[in-house]
Protein chains: 2
Amino acid sequence: MNAPAPRRTRIQQEKRELILEAALEVFSTHGFRGATIDQIAEAAGMSKPNLLYYFRRKEEIHETLIQRLLDTWLGPLRELDDVGDPLTELRSYIRRKLEMARDYPRESRLFANEILQGAPRIMPLLEGELKSLVEEKVAIIKGWMRAGKIVRTDPWHLIFSIWATTQHYADFDVQVRAVLGPDLGGDGRFEDAARFLEQLFLDGLKPKNIAG
Amino acid sequence: MNAPAPRRTRIQQEKRELILEAALEVFSTHGFRGATIDQIAEAAGMSKPNLLYYFRRKEEIHETLIQRLLDTWLGPLRELDDVGDPLTELRSYIRRKLEMARDYPRESRLFANEILQGAPRIMPLLEGELKSLVEEKVAIIKGWMRAGKIVRTDPWHLIFSIWATTQHYADFDVQVRAVLGPDLGGDGRFEDAARFLEQLFLDGLKPKNIAG
DNA sequence: CAAATTTTTGACCGGATGGACAAACGTTAG
DNA sequence: CTAACGTTTGTCCATCCGGTCAAAAATTTG
């Protein structure tokens, strides 16, 4: 079904990476429509026709970025499994998500942009791969609840709230920094957030028959 | 400093409302750059030059929308005060925010779009009005913590997480619905979310020396 | 080195888009 | 009724933007 594995020269590899890096920067701040090929080309240090030699259409760049993004994006959730202690599993999931918001904010914003506009390009993926992945994890979480290892609550909305709170620090970064001001909004803000989220979720999820 | 109060005919009032309503729809789904005057004009049932008779520039429409939005948007936070019971106050704040996500998702997305793109048009407001409003409320929350009425935690990130979790249901609505599927993702999803968030925040915030 | 291949560029095209403008049309007040 | 004012529209323009193309420049291959 896929295109035959395209043979690529060294230059093609490098230039394509350069373009994708530049495009990530531009798309994530201006959205798909807001970004222009010229902008991306300039950010990548090449001319527009040159860029179009490596990617024939603007959409092709965007598609490639989105596909890559989703692979890494769902990594942390995939790793959530039921072998370890539930609270430890959830803690490290929250950590990893927050680290991704810190280390890959552009990817997060690219994704947010896509969803905000109705997910026109990735709807099938949301309804397919993502949905079934979440269902799988929901089953695990439900198991923990049945076993009394975490408090009973809605597993779907638990996952949503973890997504929301962690991605907030990437997507709404300017707002977070503006509100916190120069000192609180410095590099330490992610550690503060990590501490807070851990307290919020883990204390909230601890089974009530066990003293805090 | 402001423009002298513009006198407006009845028709101007009505048509301007019509345009703003249409523009909210278009801007919130396509972003500022992605939206075209033609689209807005068509959605408002008038010709492009006609629309430009009421708003001279595309930016003027957007600005007006953003200004209106912010007034109502910060309403719930403004109402948070320290006269009532802390947990009740927080509960109703979360409720109100979630209701706004449900009833005004386009406004939420418009705001999200703006922030995602670096808040170019509202940066001063974030650093001014919003920042000081949050500081005021943080002081209230800190008072509650000192009085032992809620558990000690980071008040700034508490506010951020309430924003994040509630707005998520507006901004990421397509994703939420796609993941939940037709039955869980139906009209009941906001009630499920409300129940979950209440449990998450209020149980998590309850002082620990009082049995759950 | 020379031929073959890949990469880069300048010039160009067509359509979309924000906006201007004057003329036509409608409304209202005297 | 008519003059003044408010509203609507068709037409037009300049710019931007995605994308093409042929030819020049650079690189690889034999």
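## Chain A: burial and overall fold

Buried residues account for 35% of the 212 residues in chain A; a residue is buried if 20 or more other C-beta atoms lie within 10 Å of its own, exposed if 12 or fewer, and partly exposed in between, with C-beta atoms placed from the backbone. This is a predicted model, in which local features need pLDDT of at least 70 and side-chain atom pairs count only at pLDDT 80 or more, while totals for chains, interfaces and linings use all residues. Residues are numbered from 1 along each chain as its sequence is written, and chains are lettered from A and ligands numbered from 1 in the order in which they are written.

Chain A contains 11 helices and 0 strands, where helices (H or I, at least four residues) and strands (E, at least two) are DSSP runs numbered from the N terminus. The order along the sequence is α-α-α-α-α-α-α-α-α-α-α. The C-alpha trace of chain A spans about 65 × 50 × 30 Å along its principal axes. Of the contacts in chain A between residues at least 6 apart in sequence, 68% join residues at least 24 apart; two residues are in contact if their C-beta atoms, placed from the backbone, lie within 7 Å.

## Confidence

The average pLDDT of chain A is 92, and 92% of the residues score at least 70; pLDDT is the predictor's confidence in each residue, from 0 to 100. Over residues 1-5 of chain A, pLDDT stays under 50, and the model has 0 contacts beyond four places in sequence for them. Where pLDDT is low, the predicted coordinates should not be read in detail.

## Nonpolar core and selected residues

The largest nonpolar core has 98 residues. Such a core is a set of buried Ala, Val, Leu, Ile, Met, Phe, Trp, Tyr and Cys residues joined through C-beta atoms within 7 Å. The residues with the most contacts inside this core are Ala23(A), Ile40(A), Ala23(B) and Ile40(B). Residues up to four places away in sequence not being counted, Ile40(A) touches Ile19(A), Ala22(A), Ala23(A), Val26(A), Ala35(A) and Leu51(A).

Trp144(A) belongs to helix α8 of chain A and counts as buried, with 21 C-beta neighbours inside 10 Å. Apart from neighbours within four places in sequence, Trp144(A) is in contact with Pro86(A), Lys149(A) and Ile150(A). Pro86(A) is 58 residues from Trp144(A) along the chain, yet their C-alpha atoms are separated by 6.8 Å.

Ala119(A) occupies the loop between α7 and α8 of chain A. Its phi is near 55 degrees, a positive value in a residue other than glycine. Ala119(A) is partly exposed because 19 other C-beta atoms lie within 10 Å. In chain B, Ala119(B) lies in the loop between α7 (105-116) and α8 (123-146) and has a positive phi of about 55 degrees.

The contact takes 49 residues from chain A and 49 residues from chain B. On the side of chain A that touches chain B, two or more residues come from each of α1 (10-34), α7 (105-116), α8 (123-146), α9 (155-171), α10 (173-184) and α11 (189-205). The largest share, 9 residues, is from α9(A). By class, this side has 22 nonpolar, 17 polar and 10 charged residues, where Ala, Val, Leu, Ile, Met, Phe, Trp, Tyr, Cys and Pro count as nonpolar, Asp, Glu, Lys and Arg as charged, and the others, Gly among them, as polar. Because 100% of the interface residues of chain A are also interface residues in chain B, the copies meet through the same surface.

## Surfaces near the DNA strands

DNA strand C is surrounded by 18 residues, of which the closest are Thr9(A), Ile11(A), Pro49(A), Thr36(B) and Lys58(B); a residue is near a strand if its C-beta atom, placed from the backbone, lies within 6 Å of it. Two or more residues of this surface come from each of α1 and α3 of chain A and α2 (37-43) and α3 of chain B. The surface near DNA strand C has 7 nonpolar, 5 polar and 6 charged residues.

Around DNA strand D there are 18 residues, and Thr36(A), Ile37(A), Lys58(A), Ile11(B) and Pro49(B) come nearest. At least two residues of this surface are supplied by each of α2 (37-43) and α3 (48-54) of chain A and α1 (10-34) and α3 (48-54) of chain B. The classes near DNA strand D are 7 nonpolar, 5 polar and 6 charged residues.
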